[in-house]
Amino acid sequence: MEEFDKSISFDGRDIRLKVGLLAPQAGGSVMIQSGDTAVLVTATRSQAREGIDFLPLTVDYEERLYAAGRIPGGILRREGRPPERAILTSRLIDRPLRPLFPSWLRDDLQVIAITLSVDEQVPPDVLAVTGASIATLMAKIPFNGPMAAVRVGLVGDDFIINPTHAEIHAGDLDLVVAGSPHGVIMVEAGANQLPEQDIIEAIEFGYEAVQDLIQAQQDLVAELGIEVVSEEPPEVDTTLENFIGDRATDGIKKVLSQFDFGKNERDEALDGIKDEISAAIEELPEEDPIRVAATENTKALGNTFKAITKKLMRRQIVEDGVRVDGRKLDEVRPVSCQVDLLPKRVHGSGLFNRGLTQVLSICTLGTPGDAQNLSDDLQQDQQKHYLHHYNFPPFSVGETKPLRAPGRREIGHGALAERALLSVLPAKNEFPYVIRVVSEVLSSNGSTSMGSVCASTLALMDAGVPINKPVSGAAMGLIKEEEEVRVLTDIQGIEDFLGDMDFKVAGTDTGITALQMDMKISGLSLETIAQAIHQAKNARLHILEKMIACIEQPRQEMSPFAPRLLTIKIEPDMIGLVIGPGGKTIKGITEETGATIDIEDDGTVTIAALDENKAKKAGFIILSMTRKLNEGDVYAGRVTRIIPIGAFVEFLPGKEGMIHISQLADYRVGKVEDEVAVSDEVIVKVREIDSKGRVNLTRLGIHPDEAAAARQLAANS
């Protein structure tokens, strides 16, 4: 392909598209650039592998630290395992892209986005999403697009498109909207308890901007003369499908209408019907076309049975308004909550049950030194003080499989729960702890990420974290048949698996804190999205009532095993004094008091110890070391050494002054040793601080009240 360079003027900012210059052997490639942020996105198609019955799409977003003019740390000095932000961006690209491929496509597809350059103004993630659509079109892959994404921020009362990093952090909304010509296809958001109507208006605002990017892609394809691929789906022999449908339909209908069945009972009953059909196929002659079809494709029976079950479940919801467990469309499953489940060695714990979904969250409080360092990440934030981790063991769905490192799903669900709670956490200067919450999914039947939000709120409150409001969440589903649309509240596993949408909404009684919407169809109208958001509010408030009944507000007392933090402030130029040469001074304070000490560049000192008195002692030592001395101050000190002309006294930790022999008594002293000895406790007054900062002390002219106050201060330290 010849090189082609096109600029799009978009919301006051140019987006530049370069095709045909880079990656000539990829199926399709584009370098999409805005400002100094440039992302290379490629899409490549390979032939289908034998026996694949799904779309094998792989999406990878790669960060290179050279993009920010940095060299990686570590021994190897090269990028290794992708950081969490890169994994989340891979998911952000995948989620709106995947539903737009034909359901019959089985070819291997791979989309790779590499950030080549990045500035502080333009985040690369939404550029990569739009670039993935362009690269797919360039690769001539069957695709129901184009697709594009924009970010929407809220600064003051105004929505802005593609805000800068600074505007995102300063605003109350960080919303990514992806859309196709057929409607909204993906939403991802974090918000500061915004009302539902504000969120709906922001989505609409973003989708309008998406249309401009879609039109630009259509113009680009036309200018390049690229023919949009529209391959015909392969012909399907319906003989086996008809055989299975005739024998399974009545039994599946009966199972789906058994509203007293639990998940396991329903699965066993459906498996029983499938086994009967399998046995019937085995009884057919070997040359029978039905048996031949089932033998040649071992997955045909299971896939066809699933398709029939999906059709019948959806029809039951659309026509009868009844779900497989007998609930109404807007009804939440039974909810129960528990806190203080684990011993207080664990700083806080919360158990949340909704139907068969069960999540146990554990909260741990740490010191500032426990913050996560993000230095090998392209994002600007260098540390994280709130960490949320999500685990999904196989036993939670009654399965067995090897345990591995967290996958993309675990990382994505943990990030969503983290985002849902960020806006209610106390400010760092009010609550300087690093907070880690781990959500253990113990049983899963739909919406474990929102169960994690609820369980984690309980755990935070149980740990005594002063969150400003509790947060709950619910997952909404969708069944769309032709023009008939049904929005489902609190979907369970089968409704998620066989439905068209998974729309997670989290928030407080004031407003929304997080959203995540994924589609299995090519787009959704704004009216349906608004219905789902409003319907989710009722579910969230219902769940909140159950949570507040369990624990009304954060505990006033923390676990006795949680560290006690003391925060003090010193002048930044005093930091070196506290640390000492080679860290000698601060190590000495730590050894003496047993406290952990963290010092920030602005002079904020955080002291942690299990015993509050030890933290206070360390704080006194540091404040004493960095205290500004004034002539006339009186202290209780200890003689450290003696010389012929006087005695040296440590009157504050790390601070010494000298009493000249003439200032030891109000009479003539012959020898210093006649008045004081090493280790003697003495009351001294600051007589003079000379031009070199040396402190001269005296024992003369000290009032008894001043001496008593000095002794008391020393005793309290």
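This is a predicted model: local features need pLDDT of at least 70, side-chain atom pairs count only at pLDDT 80 or more; totals for chains, interfaces and linings use all residues.
Local features need pLDDT of at least 70 and side-chain atom pairs count only at pLDDT 80 or more, while totals for chains, interfaces and linings use all residues. Residues are numbered from 1 along each chain as its sequence is written, and side-chain values rest on heavy atoms, with hydrogens and water left out.

Take helix α2 to begin with: its 14 residues reach 20 Å from the first C-alpha to the last, close to the expected 20 Å, where the expected span is 1.5 Å times one less than the number of residues. Because 14 of its 14 residues are buried, α2 is largely enclosed by the rest of the structure; buried means under 20% relative accessible area with a 1.4 Å probe, protein chains only (exposed is over 50%, partly exposed in between). After the helix comes K140, with a positive phi near 55 degrees.

One partner of α2 (residues 125-138) is α4 (residues 196-224): the axes come within 11 Å and cross at roughly 25 degrees. Axes are lines fitted to C-alpha atoms, for helices over the stretch in contact, with angles from 0 to 180 degrees between N-to-C directions. On the α2 side, T130, S133, I134, L137 and M138 meet L213, Q217, L220, V221 and L224 of α4, contact being heavy atoms within 4.5 Å.

Helix α9 (residues 408-422) is another enclosed one, so described because 11 of its 15 residues are buried. Among the buried residues are H413, L416 and L421, and their cover includes α1 (84-97), α10 (448-462) and β21 (512-519). End to end, α9 reaches 21 Å, close to the 21 Å expected.

Turning to strands, two of them pair if DSSP finds at least two bridges between them. Antiparallel β23 (residues 596-599) and β24 (residues 604-609) are joined by four bridges, with D598 opposite T606. They form a hairpin with four residues between them, and G603 in the turn has a positive phi of about 95 degrees.

Further along, five strands close into a barrel of mixed pairing, in the order β25-β26-β27-β29-β28. Neighbouring strands of this sheet are turned by 55 degrees against each other on average, direction ignored.

Methods: Helices (H or I, at least four residues) and strands (E, at least two) are DSSP runs, numbered from the N terminus.
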